[in-house]
Structures are given as C-alpha cells and as structure tokens.
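Opening the notebook on this one. I want to look at the ligand site, then at the salt bridges.

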Amino acid sequence: MTNNLPIQLNWKDPITGETRDPRLTPPIAFGREFVRMPPEYQGQRVTRMLLNHDEVSRFHALLEWQYNQLVVNDQGSVNGIYVNGQQLQHSVINSGDTLQIGPYIITVTYTIAATQPTNTPQVNNRPQISNSPQANIRGNSTIQFNPSTNLPDPSIPQPQQVTPLGSSFPPPIFQEQLVPVQGIHATGLPVDECEYLTVGGGLGSFIYVDLLRLSGVKTEKIITLGLDDQPYSRYKCLCLNSQIPLHERLRSNSDSCPDNIWGWPSYALREAWHDFIRGKVNNSAQYLWKVFAEPTFAETYTPRAGNVFDSIDRETKRIGWERMYRYGRVRAIRKTDDGRYCVAYSRGRGDHAFMVCRYLHLATGYPAIQFLPDLQAYREKYRDFKSVVNAYEDHNHVYQKLESQGGKVLIRGRGIVASRIIQRIYEARKKNPHITILHLMRSPKPQGNKFARAQRPVKNHFEFQPFNWPKACWGGDLRVMLEKASPDERQSLLAQWGGTTTADRIDWQNITEEGLSEGWYKIEFGKVTKVERDAQNRTITHIEEKGFGETTLDSDFIIDATGLDAKVEANPLLDDFVKHYHLPLNKMGRLEVANDFELLEMRNQKGKMYAAGAITLGGPYAAVDSFLGLQYCALRTVDALAKSRAPNLQRLNIFSSFGQWLKWALNQSPS
Ligand SMILES: Cc1cc2nc3c(=O)[nH]c(=O)nc-3n(C[C@H](O)[C@H](O)[C@H](O)COP(=O)(O)OP(=O)(O)OC[C@H]3O[C@@H](n4cnc5c(N)ncnc54)[C@H](O)[C@@H]3O)c2cc1C
C-alpha cells in the first residue's frame, strides 16, 4: 500500500440531513473556517473540509498518511475528537472507523483501487488540466465546442488546457488557494467587480438572472459571462443540428416556461390563443384538450421550439439582459483572500480580464458531444467527416445527399435523437423513396424499466416516457425521495428513472411501424467491433451478434445519436478548479452540490458558489438539465441567498410575486 491513497469519507450533515461521501486524498484538514486551515502540509496540498457548526473549531483536526498508517491529530480544538466514541488527541484510523468532530460522525473507509493521487505538486507554475491517458481517451471520443464560435468542432481533438503552452494567463497567482485581490490588480489587466456573477450565459444563467431580477436585484449588480449574447444560442444550435427545426415540438411540459417562473400562461394556453385569434379554432381546442387529458387520454402537449425562443427573446429585453451580458471565455475560478471569487476570462486572443464577485453561479452546460470511440477511430483513420457524423453536429449534407441520390443510413442509439433522425429521413423519403434505414442497437429491449408499480411501455425496442424523467422527479414524491437518498441510493434511483427513452409520440411510432412493414426501416442487434471503409467509399460496420459470430453491415452514412457529455473531466474550467481545491465529485463524475445547489467546499467566508444544469447530474435532483429543473434550481439558489441575507435581494412573497407577474404580463421591466 502506498502512503498517498485516497480514502472515502461518509457522514450525514447534522443540520441539513444530507449525506456526504467525498473521496479525498490526505492530508485532509477539518474545521469551521477555511482560511484557518493550512493550504499546505509538509509540501503537500491539504484538502480543507468545512464543517460549519459552532461545536467545530476553526481548525479542528488533520488526517494524514504517516508511514502507511492513516493518522488523525487534534489541532487543539475546544471540543476534541472522538475515534469510535473514545476521545483522543492522536489516533491511527483503520478502515471502517468513525471519527467524530463536533456533531459530525464521519466514517472513514480505505479505497481498494490504488488510483493516481490528485495532489501531486504541479510541474510548472500554471494551473493545468489532467493529461492522464484516461483524459486523452475521453477527449478523443468527444467533439468539443469551439470556444471562438460556440459551435461543435470536430477539429478540436481534446479538452483544451486552461493555460495553453506559450500563454501566461491565468497568471501564477492563480496557483494560490486564496488569490490576493491586490495581486489581481497588480497584474495590470482589467478587473471588474460585481455582487452576482453567472458563468455560461446559457439557459441556466438566464433563468437564474431572471429570478434575481424578479427578486429585486438591479442590473448593475449582476453580470453574466458567456460566449453568446442570446441565452438559447448553444441550445438552439444543438436543437437544429439534431433535427428540431423551429416549428417542431420540444420535449417539455406546457408549463415549463424558461421566460416565466410562474408557468402561467403556459405555452399551450399561449399557442391556443395565438391560433384562436387567427381563426384556427380546432387547433386551439386540441392544445387545450391535450393539457386537460394528458397523458392518459391524449398525447402530452409540448411547445414548439420557435415559440420558446421567441418568449425568451421577449424576457431578455424585459429584464435588461444585454446590460448584464459580457462576452468572455472563462478560464479559471479561484477564491480570493477577502471572501469572494475571482474569475479569469479571455475576451479574445491576448485580451484577458478578471471579474471579482461575492456570489458565483456556474451553468456551463455540456462541454462536449459524446462520440462513439469506434466512429471516432474511423474518422481519424480515413479523415472522413462526411459519411460518419454525430447527430448533434451540423450534418444537413447527409439529408441533402439522400434526397438527391438516395442511400442507406445506419443509426446508432435509440433515444429521442434517434427518433428525430428517423422522422427527418422519413421526410427525405417523400422526396426520394430510395432511402433505407438500418437501426443498430446493442441488444433487444423486450420490456421497459420498472420502478415500484410503474413500468415503461416498449414498442419495437424503443422505450417510451413523455419526458426524460418521470414527472414526479420535478416537484413530486420522487424529488423528495432523491433529496433524502444517500449517494449510492441516488445512483441506483437515477439509473431506474432515467436511461434511454423516447417521447411517446404516435407519429413516431407510426413511422417505425410503416418502415418495418414496407421494409425500408430495419432493426439489427450487435456489438460493434470496428468500422471500416470499402473500395466504393461505403462504411462497413463489423458487429458481433450474440450466438451468430461476426457479420458486417454496409451503409452510405452512419449517424451517432448517443448523446452529450457533461463529466467534469471533459471541461477544462471545471476540471481545473476541482483539482485545485480537491473538490469531491458525485458518483456520476459531476460537481457535488448540496440540496440548494451550493458547492459547499467552495464557500469562502460570505462568498458562496452554486451550480446548475447537467454539470450537477447525479446529485439531489434528477431533472437538472431541463427548463423546469433549471427553474427549480434557481428557486433553491435564490432562496438560499435570501436566507443568507445577500444584498439587494428580497425573496418573492405572495404580493411581490403577483406584482412581478403583472409586470411580466404588461411587459414592463421588473425594476
Ligand atoms: C437537443 C436538446 C434538446 C433539449 N430539449 C429540451 C426540452 O425540450 N425541454 C427541456 O426542458 N430541456 C431540454 N433540453 C435540456 C436543457 O434545457 C438544455 O440543455 C439547456 O440548454 C441547459 O441549459 P444550460 O445553461 O445548462 O446549458 P446551455 O444552455 O448549453 O448554456 C451553457 C453555456 O455556457 C457556455 N460556456 C461553457 N463553458 C464556458 C466558459 N468556460 N466560459 C464562458 N462560457 C462558457 C456555453 O457556451 C453555453 O452557451 C434539451 C437539450 C438538448 C441538447
């Protein structure tokens, strides 16, 4: 056993009841005040765990490896430390022992696998992202977004470094745990300050800022940093690429309105009114019937993409988004020595700046598009980016070619994106019937997932669910269940509720039925071993079929419809500050957040940091990556800020909420 193995800690927060189980590498300091705990100990970085309780001393105890033994030392605390119930100054900790610090009863478990320690000193004077082989493999099977265009770009091979070679930004002071504010000013680069900063500038940021504005915060106090001034820009791009044009319907409820925290008037009501005054009474009645009878007697209502974008446009103008938005690619985040956060960002090549804030919100969405490794290997070998594509990158050339010349398309993945691609090809077949689809799935799906007494229906190996989570995950009993669950239970609950499903749309089901009966749509099962190109430049997919050995499938195009990646390691910004502050990740490799979405280990005196969206999946809330989920997250975050008396912020009450709703209805500024 080496003496720098990570260990697993586990405890229930005595105040919130939440279970915490970070996996950390000693030395680990425990205490009530971050700045009182040492950032370094005997040349090693110390992980500082905040235990926010009066019975915990400012720097209470230190846990470290000493000659292959894990040892805890009391640091002169007022209330002492207890090992397996016995008060001791100094003790060896064995796997499974409990360590009590104030009201926190922490179980310590040794990890079995000797994973690479994360606290190796940095080899040069700049923050770095991991260059481990694992990171490279991940990087190679993803498509990154180009930081200049904000679009998916297959020519960017792997996550970029926070500080690329040849650059001196962020500056060396960013190696410190607490960056001195004076030092930031001393760099001579522009420094701005604000109370509330949100990083990302996408839908998560927009929904949070919207609620801040409704809660009384003025535009001068808020800044949003991002790569595009339209909050839905990245989202719209992914929708259009994955074949959701503006007139198509999304996969969210009528009352999931990113522009309207009350959810009323809902999108169904707005669309019904719009059609009614244009004389389309039947359509209007249909939308209203759907929201009344869904999902039992009618298909679930979902809004049109274009209507959602238009509504966000109206709200951005109303709340003064353009006055709060700044263009910038955020490169690194650090705590400052005065209880705030410093964000280092680039406004262009060689044009760098800093933003210092008290309350930091992070909503950076998906850092990359997942790409199946065998398809990535094919693209790298043949430099062919036209026949093998990802559903989330621009691949309209595929449909144009199919419409003009016909051809065979092989689809991988069977979620909602695959359904949309099939629908798009179905439309192309109307122009050219010589198009066929081969849908390759890993294994048959004879029956749907079961949870308690509920079971998802399955048809033609597609599993159906109106939304990507059962509805009770948003605000019902499943939300409460997940909040209360331990990290292990959360992982298993999420696996049972989520997974690959598609919307239960009758039109999609009819398309697959029609395709199967007419023979232009076929389903195959097998595990892909490799993908090659033949002499006619067609793709050849080698698959292993259970019990049948290896066979090959030829096609003109392959479309990967398997998904997006939001793991921390795929995002240089997150990866950097997670490593710098030794932050725990949740079981799904995303940021570990409390029930109010705070990153507790990033607390800095009065300064607080929150996260939203896909980067928090695996934590207390399932539907984090959805309009309503982002609204729920914003509500929890703003409530927590109001509770900690964040300045200029008033929690909405029945009167102020009604007043704000009236302003929304009359399209007046919130303040
Ligand atoms: C195709 C698709 C369809 C979906 N459909 C629905 C639906 O119908 N209903 C629903 O409720 N949800 C839907 N979702 C889920 C969810 O609502 C969206 O993913 C939503 O955009 C998430 O918001 P976000 O702020 O987390 O991420 P985004 O909206 O993607 O915003 C993140 C922003 O952060 C920026 N950023 C990242 N890193 C940095 C950095 N270092 N510096 C500066 N900026 C940075 C990015 O450029 C991006 O603009 C869908 C998602 C996808 C992909």
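A polar contact here is a pair of N or O atoms within 3.5 Å. I keep in mind that this is a predicted model.

Ligand site. I looked up G204 and found one of its polar backbone atoms 2.6 Å from an oxygen atom of the ligand. N150 puts a polar side-chain atom 2.7 Å from a ligand oxygen. For S252, I get 3.2 Å between a polar side-chain atom and a nitrogen atom of the ligand. Taken alone the ligand exposes 980 Å², and the protein buries 91% of that.

Shell. I have 27 residues around the ligand, with N150, G204, R251, V330 and F627 coming nearest. By class they split into 12 nonpolar, 11 polar and four charged. Which element gives the most to the shell? That is α4, with three residues.

Salt bridges. The structure holds 32 of them, and I picked out a few.

E393 and R379 pair at 2.9 Å, N to O. R379 sits in helix α9, while E393 is in the loop between β24 and α10, 14 residues apart. Buried or exposed? Both E393 and R379 are buried.

K408 and D554 meet at 3.4 Å, N to O. This pair links strand β25 with strand β34, 146 residues apart. K408 has a relative accessible area of 24%, so I log K408 as partly exposed. D554 is at 27%, so D554 is partly exposed too.

D488 bridges to K587, with the closest N and O atoms 3.0 Å apart. D488 lies in helix α14 and K587 in the loop between α16 and β37, so the pair ties together parts 99 residues apart in sequence.

Methods: Residues numbered from 1 in each chain as written. Predicted model: local features only at pLDDT ≥ 70, side-chain atom pairs only at ≥ 80, totals over all residues. Heavy atoms only, no water. Near = heavy atom within 4 Å. Polar contact = N/O pair within 3.5 Å; in protein donor to acceptor, adjacent residues only side chain to side chain. Areas by Shrake-Rupley, 256 points an atom, 1.4 Å probe, with all protein chains shown as cover. Helix = DSSP H or I, 4+ residues; strand = E, 2+ residues; numbered from the N terminus. Nonpolar A, V, L, I, M, F, W, Y, C, P; charged D, E, K, R; others polar. Salt bridge = Lys/Arg side-chain N within 4 Å of Asp/Glu carboxyl O. Buried < 20%, exposed > 50% of the residue type's maximum accessible area, 1.4 Å probe, protein only.
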